[in-house]
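User: Hi! Could you walk me through how the two parts of this protein meet?
Analyst: Happy to, let's look at it together.
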Amino acid sequence: MDRLDNTVRPYAWGSTTAIPQLLGVEPTGEPQAEMWMGAHPGAPSGTGRGSLDQVIEADPERELGAAAVAKFGPRLPFLLKLLAAGAPLSLQVHPDLDQARQGYEDEERRGIPVDAPHRNYKDANHKPELVCALTEFDGLCGFRDPAHAADLLEGLGVASLTPYVDVLRAHPGDAALREVLTALLTADRTELAHTVDLAAAACERLGGDYAPYAGIAHHYPGDPGVLAAMLLNHVRLQPGEALFLGAGIPHAYLSGLGVEIMANSDNVLRCGLTPKHVDVPELLRVVRFEPRDPGVLRPEAAPDGEEVYETPIDEFRLSRYVLPRGAAAHDLTRATPQILLCTAGTVRVGDEELSAGQSVFVAAGEKAEASGAGTLFRATVIA
């Protein structure tokens with residue numbers, strides 16, 4: 001069992017206080033957006049035996065188990081994070097596995113450097129992800145019913161939005177959403193900025209259902225993504241609730257602290273609220289335009305007190321234990337690799353005592369028991 005030394009990423013959208021408060025340390029004044037736990041080459045966790053990617057590379061079958069290596073290759077297929085949003089992240093979608101492979105091979109063939117700002121596909125993998133709220137957590141997930149989006153836009157009282165409202169009311173759902181999003185992303189940004197500013201002022205004045213979009217506009221004035229965001233479902237998660245973001249589902253996190261887990265990939269296609277490259281044709285190829293319920297997940301009880309967040313993919317499995325003081329130890333031994341993260345209280349795992357924000361890597365088949373009084377998240381794979 002390896003206690004992990006994890007890197008905190010200082011992205012500009014990060015909260016300055018949420019992660020330090022969880023860790024029980026003084027804020028630095030700088031944004032602290034994500035704490036990474038895993039073997040991602042961008043910021044692998046440290047262990048007493050070297051970085052976790054080096055530990056796994058030295059003996060994949062011992063660390064990951066034969067079944068996981070056979071299914072996913074000699075690498076940890078997920079990345080676990082603490083994510084603290086102090087400002088909205090970019091509107092984005094992720095490709096499915098076939099799209100990622102095709103896109104990666106195409107950009108490799110065309111000789112686009114992997115670090116080029118206009119490159120879409122950093123690798124050949126998909127990036128499904130799950131976020132579980134630790135505090136109240138606001139986000140956008142999936143398209144609204146077009147009629148509801150039309151009502152929201154019409155309620156702003158901005159005349160220049162009327163053409164979009166008319167399209168949303170006149171066409172079938174997927175066609176209407178495609179046409180409006182395409183129009184917003186291909187419009188002249190200078191001309192559209194005035195409409196965005198009028199819409200933002202109306203959101204500020206109206207409040208209520210419009211308040212999240214006023215907040216977005218505050219951070220991204222004049223960005224067409226403010227209007228694109230109004231096509232999406234606004235979701236407010238309570239602690240313990242989660243969202244699963246599958247391929248092609250547009251989404252953005254707005255505020256709050258959560259535990260996030262994802263397949264090990266950096267493939268992101270952006271569609272607004274960002275100064276970064278937006279590849280509109282490729283985005284429109286990947287986005288799934290069907291209206292959908294955001295699908296808030298609540299954990300399902302499993303034996304031995306485990307609460308599981310069920311998802312349709314195998315690269316990761318997230319669950320949690322809420323351990324009451326004095327309860328018997330829970331046997332967490334598993335034939336697949338695990339990262340165990342304490343988010344509240346104090347939990348003992350083997351010889352390691354974890355407080356909030358501390359984590360361990362448990363190799364496949366290694367004996368692991370958890371006891372104490374606190375909350376422990378468990379990340380593993382299905383192999």
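Predicted model: local features only at pLDDT ≥ 70, side-chain atom pairs only at ≥ 80, totals over all residues.
User: How much area do domain 1 and domain 2 bury between them?
Analyst: About 2200 Å², with 69% of it on carbon and sulfur atoms. Buried area is the accessible area (1.4 Å probe) that two parts lose on being put together, summed over both.
User: Which residues of domain 1 lose the most area to domain 2?
Analyst: Phe-78, Glu-306 and Glu-307, which together make up 29% of what the domain 1 side buries.
User: Wait, where does each domain run?
Analyst: Domain 1 covers 78-307 and domain 2 covers 308-380; such bounds come from an automatic or database domain assignment. Residues are numbered from 1 along each chain as its sequence is written.
User: How many residues are in contact?
Analyst: 25 residues of domain 1 contact 24 of domain 2, where contact means heavy atoms within 4.5 Å.
User: And how many salt bridges are between the domains?
Analyst: Three. A salt bridge puts a side-chain nitrogen of Lys or Arg within 4 Å of a carboxyl oxygen of Asp or Glu. Arg-320 and Glu-307 form a salt bridge through their side chains, at 2.6 Å from N to O.
User: How far apart are the domain centres?
Analyst: They are 31 Å apart, taken over C-alpha atoms.

How values were computed. Heavy atoms only, no water.
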